[in-house]
Structure formats: structure tokens, C-alpha cells
Amino acid sequence: MAPHVSESSLAGLVEDLAGEVITPGGPGYDEARTLHNGMIDRRPSVIAQCATQADVSNAILFGREADLPIAVRGGGHSVAGTSMIDGALVVDLRRMHGVVVDPEDMTVRVEGGATMAHLDHACQPFHVATTGGRVSTTGVGGFTLGGGSGWLERKFGLASDNLLAADLVTAEGKHVHTDAQENPELFWALHGGGGNFGVATSLTMRVHPLPRMSMSMLLFLPENAPEVVRTFRDLGAVAPDEMGGGAIYMPAPPEPFIPEDLVGRLVCGALFTYAGPVEELRAFAAPLFALKPAVEVVTDIPYADLQSMMDDPPGLRNYWSAEYLREFPDEAVDVFCDRGAGIPASTATQHVLFLMGGAVAAGPSQYPQPWRTAPWAVHPFATWEDPAFDEAARQWVHDVRADARPWAIDATYLNFVGAEGEQRIVSSFGERNYRRLATVKARYDPDNVFRYNQNIVPAG
């Protein structure tokens, strides 16, 4: 049971915050505690909707004084539910979503509660971008500090590769700035270490010219899937760095470009994104077009529109995981397709093979991201409405992971997974990296205040 929070101390917090303080029974409480994942239904003691960096500091100090657990909510999904804890003080950053682009320096400054929609729409008038999540509702802060894998990563590197500086509020309520020269060990730790070291109130990132963007989504009937996935794999192995994409099993969505008789039926898709004109993409993907897809969507598209094209609706029940693969031979294709054909019925579940490599694998090797060398990633993405499907959906994700293990490396991108145990966290950083991260954690958060995350235990 959480400690009782007195009316007088709450009044002090209300007075200290430029933002808003929300408590159980108050206006907006249920809306403020609702997360993207419909499986998460938690009741914090206090939600501090911060408007400034000073608000963040005051909220943390209040939570510690009141002996409350402290959770941090950035702008995005928190699919594992770690940003909303029963009985906690929630530091909610969503009011802090400003984005300032400097096209001369080719940088962007992003506040801690911004989403990819905020970032991408601010960058688009300047025809620049940096690697973002694959949907517009992803939060920039958690995404970037966790590594940051997205459609542009093969060309521009992971989001964290483009991190130039960060401003954090520590567990003691202090402001810390970090970059490659100032607090360099902390800066290193933020390349994958997530929210373990403080609350990120702003990030400064490198942006890149992106004058053209295009995509192709080809949908096939399931009986054609093995040939489609093998063709996608073979093309991916020789793809230029401008190319991103994935092979995907999913129920066909009710979109205008989907024939009515296909809506809701299982299909296998091949998606390519390309940082360039559609003519070049179409020429590259010609072997897939030759397989006569049931649906073709091929177009130039602004990057911000591409990012919102596959937004998954809030409120569905979600359970995700991932395995990163050192290879994807024909046997793995067959296993992938067999499991895709068995996606639980009456769900919106997706079974994805992501193309990695390019600037991800060729990028900086000093950061705690051993998974970045893998050329492929399998991402079982279970989403559904009815709680009656909970067990079947979770089991399907576990089965996908088991299927992939013969080809998997012992590390994964932790933004793709929920609570899978301490060893999964350690192996995903690598043991030597984990020990170094634990030392940084001990310096900036020795009491493990920020523990509702893929947690790094402070070195003792």
C-alpha cells in the first residue's frame, strides 16, 4: 500500500508546479492514467503533469519526500506499462512537447514529452529528418534513449547515434547536461540505457537532408508467403542503405486500398521504404511485383505521412517481443511463415521480419547495443481487444521467440520487449557494458529511484 499523501503536502506541490496536479477522484484522473496498452489499468496516487524542467525537479523531490514510488511518463506508448504504477507519483511530461529545428546547424531540440508526430511535422518544412519510430505515436525520449530503431536507420543510423546532447533531472532533483565532452560517461549510457539515469527533459539531435521519401506495400495471399518472404530476404541482402522495410503477416486492415473481400483476412505483406524517389524503389522491388500481389500501394510520400500510415489505435491489448538474428536461411523462412499462418484469430496481431544492417551495423560500436550487428529482427506484435484472447496471444509471442532461437543472437532491442527478466536485460547490453552502465547508474541514481523500466541495478 502506498503511503498516505496529506492534503497540505499536495497543496504545496500544486503551488510549486506550473503544470497540473491530478489525484484519484479529481477531474481528468482516468484520462490521465490511461495508457496506449489496454491491458494496463493502474491507479497512481499523484500525477504531476509537468510544464517545465523546474516542475520535473519539484515533482521528483515531492515524490521522494512523500516516500512514493516514482514512474516517468514521456510522450509515447509505454507498452509494458512501466510509466503508470499503482500508488506512485507519475512524472508526466506530455505537456513538454516543443520541437525547435535549426536547419543551418542541422540539429533539432526536442522536449521530453514530444512524440514522433511532433518531431516529424516540425522537420518536414525543412526537408530534414532523423531516425524515428515506425509510427507517429512513439515518444521521442524513451525511443531515443532506448536505442531508437526505425525506417531510416539503415541510412542515418539509430536515433541514439544522432543524439548530440541531453538535459536530465536526476533523482536528487538536479539538472544535468550531457554531451560527448560534458559528463561523457552519462552520455555513453544514454545510448541504449533508457530512463535509468534521470528524467530527460530535452534532447538535441542531428538531422539529415531528406528531400524525397517513397514506399511500396505489396500484399499477397498466405499461400504465396514463403516465396514472398524469400524474395524479400534476398532483396534485403543487397539493398542500398536508403532502403528499409519488413515482411509482415497480418489481417488485412479496413483501408480504402484494400478490396472488401480481403478485409480481415490473413495476408502476407512486403514493405519497402526508400529515402529517394518512387521510380528507383519500384525498379529495385521488381522481383516482388513479378509475384503478382493482390494489393499494390506504391507512392512517393512525405516522411511524416509515412510515419502515421501504420499507427496502431490506442486501447487495444498489446504484448510484444523480439529476437535479433545472425542469419535468416530458408529453414527460418519456413518456420516464420508457419507461425505467421497461425496468428491467433480475431486479433489485429502482426508478425514482422525487419530488415536491419546498413548504417546500424556500420555505426559506432562503442555503445551498449550488441544487437545492432544483426541483419534481421523478428518482432511478434500481438494486439487484440477481447481479454479472452490474452493467454493465446501471449503464448503465440512466446512461440515466435522459441522458433527464432536457432538463428538468434543473445541480445535484443529492449524497446521492443516487456518484462522478460534480469538476464534478458544483461545479455541485451552485454555483461561488460552492463557493469559499466551499473556504475553510471550508481553515480546518478544510487537508490534506484528510476526503476520502472528495463532496469539497471546500481553497482554496489
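Biologist: Is the crossing of H8 and H12 left-handed or right-handed?

Modeller: A crossing is left-handed if the near helix is turned anticlockwise from the far one by less than a right angle, and right-handed if clockwise. Here, H8 and H12 cross in the right-handed sense. This is a predicted model, in which local features need pLDDT of at least 70 and side-chain atom pairs pLDDT 80 or more, while totals for chains, interfaces and linings use all residues. Numbering starts from 1 along each chain as its sequence is written, and side-chain values use heavy atoms, without hydrogens and water.

Biologist: At what angle do the axes of H8 and H12 cross?

Modeller: Two packed helices are described by the angle and the distance between their axes. The axes of H8 (residues 225–237) and H12 (residues 330–341) cross at roughly 130° and come within 10 Å. Axes are lines fitted to C-alpha atoms over the stretch in contact, with angles from 0 to 180 degrees between N-to-C directions.

Biologist: Which residues make the contact?

Modeller: Contact means heavy atoms within 4.5 Å. H8 brings Ala225, Pro226, Val229, Arg230 and Arg233, and H12 brings Asp330, Val333, Asp334, Phe336 and Cys337.

Biologist: And in what order do the five strands of the open sheet run?

Modeller: Strands pair if DSSP finds at least two bridges between them. The order is S5-S6-S10-S8-S9, with antiparallel pairing. S5 (99–102) and S9 (175–179) are at the edges with a single partner strand each, so one side of each has no neighbour in the sheet. Between S8 (residues 163–169) and S10 (residues 199–206) there are six bridges; Leu168 has Ala200 of S10 as its bridge partner.

Technical notes
Helices (H or I, at least four residues) and strands (E, at least two) are DSSP runs, numbered from the N terminus.
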